[in-house]
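These are my notes from going through a single chain, beginning with the overall fold and ending with one residue.

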Amino acid sequence: MVKGLYRERIKVLTDLWGNILDNWESMDRNSLLSLVQETYEKNGIRPFRGFKSTNLYEKELISLFVVGKDGLGLYDDYRPVFDKLFSLEEKFYEVSKAIIEKGPDDAYILSGNDKDVLARSLRLIFTEVIFSFSDEQKLIQALRILDSSSNDAIKHTAKSFSRFYTAFRLAESLAEGLIRDKMNYIAMKKAFSISLGIEYPLPKSSYVALISKEVFNVNPKLIRKVLEVSLQP
């Protein structure tokens with residue numbers, strides 16, 4: 001069941017698909033990106049993000065892809081639309097499957113030995129989980145598989161994404177009112193890191209504060225109270 005925190009986002013993405021199916025033949029990725037940004041800004045939806053603020057709407061096409069494929073079940077019947085507008089996301093999807101089905105090294109080869117492609121593939125699984133289309137165990141399994149590799153680039157991608165996912169889930173819990181004080185925050189962070197089952201650098205409070213502010217628009221007073229950090233204006 002979709003969390004209330006994401007219902008409006010998924011509704012906006014679903015409505016976007018109605019527009020896309022009506023106009024896809026005259027669209028390209030640039031016009032699609034403009035449409036997504038315009039629609040998000042109109043509806044007060046903020047892109048998912050971590051540290052980096054570059055190409056946020058380009059990355060957000062993964063959300064649109066996941067809703068179209070898994071939420072609306074359009075992939076088989078509207079394959080030409082996906083092939084034209086979401087060829088990169090189709091690649092990320094193939095790599096995400098390879099991580100679990102073939103292992104870290106084969107997935108990395110399929111990615112073109114590109115850490116960014118590998119990270120985007122994890123983001124695709126992450127989005128499936130956040131939108132409740134996949135169980136969280138799928139992402140945990142993918143992270144553990146990548147972390148088991150002897151390739152430093154692959155391991156680094158797993159650890160970096162684990163840090164992002166932990167920060168995101170903590171920010172989400174803050175937005176939902178599940179974290180109310182510093183002690184609760186620390187306990188939840190430790191419990192979450194244990195559940196992932198790999199060694200990785202835990203996110204700093206400033207990272208959680210960034211996502212809380214920029215993705216979930218959490219009240220700055222609450223962020224300062226719980227995380228004890230100063231927010232940038």
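I began with the contacts in this predicted model, and I noted that, of those in the chain with a separation of 6 or more, 67% are between residues 24 or more positions apart.

For secondary structure I counted 12 helices and 0 strands in the chain. Along its principal axes I found the C-alpha trace to span about 55 × 45 × 30 Å. Buried residues make up 50% of the 233 residues, and the accessible surface comes to about 11300 Å², with 49% of it belonging to carbon and sulfur atoms.

Next I turned to one pair of helices. The axes of α2 (residues 29-43) and α3 (residues 56-71) come within 10 Å and cross at roughly 85°; because angles of 65 to 115 degrees count as roughly perpendicular, I recorded α2 as roughly perpendicular to α3. On the α2 side I listed R29, L32, L33, V36, Q37, Y40 and E41 as making the contact, and on the α3 side Y57, E58, E60, L61, S63 and L64. Sorted by class, this contact has 7 nonpolar, 2 polar and 4 charged residues.

Last, I checked N184, which lies in helix α10 (residues 182-196). Is N184 buried, partly exposed or exposed? With a relative accessible area of 27%, N184 is partly exposed. Leaving aside neighbours within four places in sequence, I found N184 in contact with L178 and I179, and I noted a separation of 16 Å between the C-alpha atoms of N184 and I194, which are 10 residues apart along the chain.

Definitions and conventions:
Residues numbered from 1 in each chain as written. Predicted model: local features only at pLDDT ≥ 70, side-chain atom pairs only at ≥ 80, totals over all residues. Heavy atoms only, no water. Axes fitted to C-alpha atoms, helices over the stretch in contact; angles between N-to-C directions. Helix = DSSP H or I, 4+ residues; strand = E, 2+ residues; numbered from the N terminus. Parallel < 35°, antiparallel > 145°, perpendicular 65-115°, else oblique. Contact = heavy atoms within 4.5 Å. Nonpolar A, V, L, I, M, F, W, Y, C, P; charged D, E, K, R; others polar. Buried < 20%, exposed > 50% of the residue type's maximum accessible area, 1.4 Å probe, protein only. Areas by Shrake-Rupley, 256 points an atom, 1.4 Å probe, with all protein chains shown as cover.
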